[in-house]
Amino acid sequence: MPLFTYTDDQALGKVASVDTTTVIVEVEDSELLKRLQVNRLAVLQSAKPGQHLIGLISQVTRKKLFELEEGDEEGTNEQNLCKVALIGTMLDRDGSRRDVFRRTLESVPEIDANCFALEGGELTGFMRVLSNAAADGNSLTLGKYTLDDNAIAYLNGNKFFQRHAFIGGSTGSGKSWTTAKIIEQMASLESSNAIVFDLHGEYAPLQHKGLKHYKVAGPGEIETGRTIVDGAIYLPYWLLSYEALVSLFVDRSDQNAPNQAMIMSREVNAAKQQYLEAGEYTGILDCFTVDSPVPFDIDVLLNRLNEINSEMVPGANGKPKQGEFYGKLSRLIARLENKVTDRRLGFLFQGGEDTLEFDWLGHLTDALLGSTEENGQGGIKIIDFSEVPSDILPLMVSMVARLAFSIQQWTSSEERHPVALLCDEAHLYMPQRNTAGAADDISIEIFERIAKEGRKYGVSLVVISQRPSEVNKTMLSQCSNFVSMRLTNADDQAVVRRLLPDSLGGFSDVLPTLDTGEALVVGDASLLPSRIRIDEPTHKPNSGTVDFWDEWQQHATHGRIAKAIQNWRKQNIQ
């Protein structure tokens, strides 16, 4: 049975004018005109049998035709018009497939063709066709359509993650709420696999069977000896790429920076070789590089740098003279020693002997990249980066992203299991090139590569930010799905507006007026731009807006400031 089975008496009106992509419909019943709303979908009869044309109502007008004279009836003086932008064709059958939607216009409607409102069950069925999703409980759903509370908003889960996605909105618009709704649906899948970069710990309240929480180890976790089993993540220095190591340790403003970078490359390579030789890992010795994830002892590197920095070589007449790099590594050594002893960076340098074991990388990747089915704990891994210093945050987030991408890249295509990276507050580590620092450049390179090549290796990006205009353009250009909450900044609105086809450009005018928890969804996962009211997640993130006026009418907690100072000093919330 076809999806649309309208009868003539259900018509809103008849086509009065046809342009290339625009139709003017005359509505005789003024009461029906009141039901029409801008941005609501409409269905028009096609000149070809077995087809209907789908359009978006862009304007509703009531024209006064002439001045009334004595004896004229009120209704004869009015012309009710509805302007519809044609956006695609609905086919009852296409070969063996039924109910197929195409973005092309197979035909145009004839004059006097009927126009119908698309709402209720027909709207739900039509949106289900668009997303290729069956209502069997396994579809990705965000909520219900704003213009029709009876119509469930289905998205195609495959296309949402295959083509990368962006979730954006001004602070307090419901961005974290939407992300939590997606996460809880992912967690319910049998073999889900995703990593959530949680920069402020706001997703800590999320609790689901298929979800596991981790935290990048802070001073408190290091002091108590917590490990991966306890939810503490260490990201040892030897996992950093050569470029990241140079960015972390070498001051590029130093006149000796090129020499320091060259020596770092040589000595890190030598330290890794020493480690492999000591462990008799002969198979890897023949082919490892400075970027290979091979452990090495930072003390060995420091001792070697000190030797080079104070090296004396034979000179003329047998007298010793200063070596080529004598004194030129002093600032490098000082920076390195300072960072090794910095308690804020304990997750890098103070993870203990365990993190120097050859098999330790396997334990880390099992925890971060194992699916629900494999590790029995959770396919969705939420990593709390709240205690990572902001100056090296891009390096640490991109290290985890590079780890995931590398594992996928070096897995055979037959055994590859897809993984999604949900990048909260993405503008902090995926900024525009013109505002990027040295650490940002490393991060941008990694995420740009994932954005460009991730699809073929089964790595998906979900970019989440309150400032789309500040997120790297290459990253956004690779995203084919956008879930945009309320945006009040003109630059941010322009980013979304450029994504829409010309005939639908006005649809983005609703961005500054969207309600909290309401979103404009555009992209491959939903072929048509849709305005959706997001359903409430089971567990809400810690990102709720504080009710200032109400709170100021309540008694403040006694001793809260002294407790906050104590927590600040301990770098841990008790």
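Contact here means heavy atoms within 4.5 Å.

**Figure 1. Overview of the predicted model.** This is a predicted model, in which local features need pLDDT of at least 70 and side-chain atom pairs count only at pLDDT 80 or more, while totals for chains, interfaces and linings use all residues. Residues are numbered from 1 along each chain as its sequence is written, and side-chain values use heavy atoms, with hydrogens and water left out. Among contacts in the protein between residues at least 6 apart in sequence, 68% join residues at least 24 apart. The protein holds 19 helices and 21 strands, where helices (H or I, at least four residues) and strands (E, at least two) are DSSP runs numbered from the N terminus. Its C-alpha atoms fill a box of roughly 125 × 65 × 50 Å, taken along the principal axes. Of the 574 residues, 50% count as buried, a term that means under 20% relative accessible area, with exposed over 50% and partly exposed in between (1.4 Å probe, protein chains only).

**Figure 2. Strand 3 and its two antiparallel partners, strand 4 and strand 7****.** Two strands are taken to pair if DSSP finds at least two bridges between them. Strand 3 (residues 41-45) is largely enclosed by the rest of the structure, because 4 of its 5 residues are buried. Strand 3 is joined to strand 4 (residues 51-64) by 5 bridges in the antiparallel sense, and Val43 has Ile54 of strand 4 as its bridge partner. These two strands form a hairpin with 5 residues between them, and in the turn Gly50 has a positive phi of about 75 degrees. Strand 3 also pairs with strand 7 (residues 114-117), again antiparallel, over 3 bridges; there the bridge partner of Ala42 is Ala117.

Figure 3. Strands of a sheet pair through backbone hydrogen bonds, either parallel or antiparallel.

Figure 4. Strand 16 (residues 380-384) runs parallel to strand 11 (residues 194-198), to which 5 bridges join it, and Asp198 stands opposite Asp384 of strand 16. Strand 12 (residues 211-216) is likewise parallel to strand 16 and joined to it by 5 bridges, with Lys212 opposite Lys381. Strand 16 is mostly covered, with 5 of its 5 residues buried. In a regular strand the side chains alternate between the two faces of the sheet. Here Ile380, Ile382 and Asp384 point one way, whereas Lys381 and Ile383 point the other way.

**Figure 5. The largest nonpolar core, with the surroundings of Leu421****.** A nonpolar core is a set of buried Ala, Val, Leu, Ile, Met, Phe, Trp, Tyr and Cys residues joined through side-chain atoms within 4.5 Å. Of the 89 residues in this core, Phe197, Phe347, Leu348, Phe385, Met396, Leu421 and Phe447 touch the most other members. Helix 14 (residues 393-409) supplies the largest share of the core, 10 residues. Apart from its neighbours within four places in sequence, Leu421 is in contact with Ile195, Phe197, Ala401, Ala404, Ile450, Val459, Ser460, Leu461 and Val462. A second, separate core of 50 residues includes Met90, Leu118, Ile167 and Leu528.

**Figure 6. Helix 7 packed against helix 9 and helix 6****.** Axes are lines fitted to C-alpha atoms, for helices over the stretch in contact, and angles run from 0 to 180 degrees between N-to-C directions. The axes of helix 7 (residues 257-279) and helix 9 (residues 298-309) come within 10 Å and cross at roughly 135 degrees; the two helices are therefore oblique to each other. Angles under 35 degrees count as roughly parallel, over 145 as roughly antiparallel, 65 to 115 as roughly perpendicular and the rest as oblique. This contact is made by Ile263, Met264, Arg266, Glu267, Val268, Ala271 and Gln274 of helix 7 and by Val300, Leu301, Arg304, Leu305 and Ile308 of helix 9. Helix 6 (residues 242-249) packs on helix 7 at an angle of about 125 degrees, with the axes 10 Å apart, and this pair is therefore also oblique. Here Tyr242, Leu245, Val246 and Phe249 of helix 6 meet Ala261, Met262, Met264, Ser265 and Val268 of helix 7.
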